[in-house]
Amino acid sequence: MRVVWIASYPKSGNTWVRFLLYHYFWGEPANSLEINRRIPDLHRPSGRIETASDRLFVKTHLIRSEALPFLAQTERAIVVTRHPKDVLLSGLNYARLENEAVDASAYARAFIAGGGDPAWSQMGFGTWAGHAASWLGGAPFPVHHATYEALKADPHAGLRAMLGFVGEAIDEAALARAVDLSGFERLREMERREKSRGAESLFRGGRASLSRGAMFMNKGATGQSLAHIDPALDAEFDSAFATPMARFGHGA
Amino acid sequence: MGVAEPRLIIQQALAQAQSGRLGPAIAALERLTQKKGAPAEAHHFLGMLLFRGGQTERAIFCLDRASKLAPGRPQFESNYANVLHAAGRTEQALAHYFLAIHHDASYAPAHVGLSGTLLGLGRLHEAEQHARLAWEQAPDNAEAASNLASCLILTGRAAEAVGRLNDAIARIGPGVQLNTLLAAAMNYDASSTPEGILEAHRTLGRLHALAASSLEASGLPPLKTNADSDRLRIGYLSADFGDHPVGMFIEPALESDEGMAVFCYATGPVAPDRRGCGVTWRECGGIGDRDLVSIVRADRIDVLVELSGHSLGHRQTAVAARMAPVQASFLGYPATTGNPAIDARFVDGFSDPPGAETWCTERLVRIDPCAWCFSEPAGAPEPGLPPCVSGRPVTFGSFNNLAKTVPAVLDAWTGVLAATPGSRLLLKNGAFIDERTRARILEALVARGVDPSRVQLVPPTRDAVGHMTAYAHVDIALDTFPYAGTTTTCEALWMGIPVVTLAGACHAGRVGVSVLSAVGLEAWIARDPDEYVRLASTLAADRERLVSLRGSLRDRMRRSPLMDREAYRSRLHAAYIELAQQRRGGSA
């Protein structure tokens with residue numbers, strides 16, 4: 001078996017990439033949880049993995065280290081990074097899916113001070129910069145770097161590059177269909193449909209969060225500001241993240 | 001290197017370890033793994049033995065090596081994951097359970113370990129799924145049964161847990177792990193009878209006595225009395241001296257007086273501000289039963305008070321081996337322990353009125369008028385106005401553990417909402433960190449006819465101040481039954497919120513009766529579910545009363561026996577003296 005990692009820091013577009021790949025290879029799933037069956041999540045073992053070939057795409061948020069499982073079977077990795085300010089805001093939305101009382105300013109300042117969400121660091125995902133450096137610097141296997149921003153700007157090109165990276169001959173019709181099926185509004189509608197009927201879903205948050213307007217597929221936005229939380233935050237953020245952002249292709 | 005030789009060395013090493021010779025076994029495997037081409041098994045079993053010997057980091061190194069040398073062995077990955085979980089590396093553990101299950105989806109030990117890890121993370125729905133898979137694959141696995149029962153209990157399905165546990169015990173045979181869960185589950189289950197609960201605890205007590213007799217047979221220091229000393233020696237044994245309600249409730253009793261020396265045996269963390277008070281602290285975390293018994297016996301304690309009952313972190317086998325001439329149980333458990341070596345249990349006349357002795361193996365010592373002493377919570381805000389007087393709907397609330405929210409409670413709460421048009425229900429507890437658990441409770445209420453827009457399910461807040469502040473959104477607190485709240489009832493009253501309770505038959509269902517009676521609020525004690533609904537809806541209709549209570553309940557508590565620390569400590573210490581004297585006189 002050859003493992004192809006889909007590696008990213010949390011809230012960086014990993015789920016979107018999994019949908020793109022799933023839609024390309026297997027078409028439209030009956031429900032969102034089907035994604036886990038073909039492109040499993042290392043952090044949510046389900047025991048129902050089906051592989052059509054000896055290649056297995058696996059999602060992870062772990063930093064790359066010697067402790068990473070499947071190292072011997074790792075063939076290559078698709079690494080997705082996203083501007084850390086958008087990651088912060090998406091992380092805040094995610095925290096509020098679980099608990100609407102999360103204080104935005106406190107969350108943002110903890111994120112800035114910790115170089116990422118401190119809870120994620122504790123889970124072995126590292127800081128935003130540490131995570132990117134671990135996967136994009138010196139991996140002993142081929143790595144394809146996709147940025148969320150580029151993927152959003154041209155998802156066709158982004159998916160085509162990923163498929164080329166894993167050695168697939170491109171089926172343009174399947175590619176176009178995959179991009180269409182993975183559109184933000186389509187995925188948001190799938191989330192709304194599943195949650196409103198109380199079904200199990202890949203999208204975290206449940207019906208209660210839906211009823212107060214909070215969704216996993218939140219905005220998919222890029223180039224956001226933190227000023228609506230606190231006017232001082234953007235400067236604090238840029239000061240803390242300027243160097244790693246430049247290093248990993250996310251201009252301030 | 002020949003093929004047979006390493007296998008033989010491994011087998012011999014495992015046999016040595018099995019017979020208790022861990023050191024030589026580890027040494028043999030270390031020599032083997034230093035040779036070129038040593039098989040993955042050698043690294044794996046060396047890792048497992050190192051872990052057993054407490055060398056966790058070295059164990060992880062070896063287990064990782066084995067995992068890389070022989071990828072795809074479910075046993076290797078699952079064991080490695082278990083060790084990573086024990087070392088607190090949870091995400092790494094999940095990754096290796098993933099590998100184990102990926103290679104063999106029916107490998108039960110991986111599902112068992114995974115369900116335990118997910119339980120610890122509060123991912124109760126996933127934990128239950130894997131526990132069910134484990135149970136299906138290995139119906140004789142006590143851990144699988146235990147994990148599944150834990151999931152069911154924690155999500156308010158005690159009756160189903162009782163059924164599962166009875167099935168498992170019938171199949172596997174009795175044992176401390178399953179019988180502890182069974183006894184505990186019955187406290188939550190509305191269909192369990194007092195007779196059944198007593199019998200379950202008697203059985204459990206016998207299991208601990210049996211384990212203790214093995215401990216005694218293997219040699220323990222003698223139990224010596226403190227008869228020559230002028231000062232009575234009191235010991236408290238608990239895993240909950242940290243940030244836990246038991247620690248908060250026992251704290252007023254810890255201050256020693258002239259005639260008493262106090263020892264605390266902490267098998268868990270201790271809150272910094274709990275140290276001092278002239279108490280001798282003994283750190284006993286991670287200590288086995290034999291050592292624990294030896295430490296306590298060496299201190300020549302007169303009265304040992306264990307504060308766990310059969311709750312998490314209990315040491316009932318050590319207690320069954322008898323660590324002090326008088327042993328008592330207090331605070332941490334809502335029923336008899338069934339442990340024949342526990343002589344007394346501290347209660348009061350409201351929680352355990354005359355006749356309650358029928359359901360206990362211990363002598364009941366009543367610390368009247370109230371067996372609980374509430375301490376002012378740090379950082380709690382001043383009570384504000386009830387939300388219902390500022391234009392919001394009347395909000396009933398319960399911050400009790402979800403395990404106590406059994407179907408009978410949901411029925412009653414549905415009745416309360418129906419009797420109070422436009423009202424809302426706000427539930428907040430730790431289990432709601434799991435979205436599927438929230439969804440399940442919402443579905444259960446919807447199935448009873450409750451409009452989901454009237455229900456708010458809130459996960460835990462990050463700190464104690466946030467927790468107390470959350471009471472500002474509640475007008476009237478609803479207690480649970482048959483297992484009532486203690487801390488939550490006190491906290492709600494402290495925030496000026498009336499609490500409606502339903503008096504149960506046993507101690508577990510009568511703590512609310514005790515707390516409310518201590519504060520002179522007997523009017524909020526219902527005798528049956530209909531009265532519970534009526535009391536709640538009547539309170540909801542009286543906005544002036546709710547406003548008045550908001551401003552007065554805190555003072556009323558301060559002036560009540562519930563917060564009279566001096567009197568409480570005197571009563572408790574007097575009870576210790578009486579028990580010790582009776583023992584010395586041969587009648588305890």
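In which loop of chain B is B:R300 found? Select B:R300 and look to either side: this residue is in the loop between α14 (289-298) and β4 (303-306) of chain B. Keep in mind as you go that this is a predicted model. B:R300 has a positive phi of about 50°, although it is not a glycine. Most residues other than glycine have a negative phi. Is B:R300 buried or partly exposed? It counts as partly exposed, because it has 18 C-beta neighbours inside 10 Å, and being buried takes 20 or more.

Now select B:R322, in the loop between α15 (316-320) and β5 (326-329) of chain B. Here too you'll find a positive phi, about 60°, on a residue that is not a glycine. B:R322 has 21 C-beta neighbours inside 10 Å, so it counts as buried.

Next come two prolines. Go to B:P369, in the loop between β7 (363-366) and β8 (395-398) of chain B. Then jump to B:P482, in the loop between β11 (476-478) and α19 (487-494) of chain B. A cis peptide bond joins B:F481 to B:P482, and its omega is about 5°. Most peptide bonds are trans.

Time for some helices. Colour α3 (residues 40-52) and α4 (residues 56-69) of chain B: their axes are 7 Å apart, at an angle of about 160°. That is why α3(B) and α4(B) are described as roughly antiparallel. Show the side chains where they meet, including B:L46 and B:L50 from α3(B) and B:C62 and B:L63 from α4(B). The residues of this contact divide into nine nonpolar, four polar and two charged.

For the last stop in chain B, select B:A536. What is it in contact with, leaving aside neighbours within four places in sequence? The partners are B:F396, B:V416, B:I476, B:L478 and B:V500. B:A536 is also one of the residues with the most contacts inside the largest nonpolar core, which has 254 residues. In soluble globular proteins, nonpolar side chains tend to be buried together.

Finally, switch to chain A, which has twelve helices and four strands. Of its 252 residues, 42% count as buried.

How values were computed:
Residues numbered from 1 in each chain as written. Chains lettered and ligands numbered in written order. Predicted model: local features only at pLDDT ≥ 70, side-chain atom pairs only at ≥ 80, totals over all residues. Axes fitted to C-alpha atoms, helices over the stretch in contact; angles between N-to-C directions. Parallel < 35°, antiparallel > 145°, perpendicular 65-115°, else oblique. Contact = placed C-beta atoms within 7 Å. Nonpolar A, V, L, I, M, F, W, Y, C, P; charged D, E, K, R; others polar. Core = buried A, V, L, I, M, F, W, Y, C linked by C-beta atoms within 7 Å. Buried ≥ 20, exposed ≤ 12 C-beta atoms within 10 Å, placed from the backbone.
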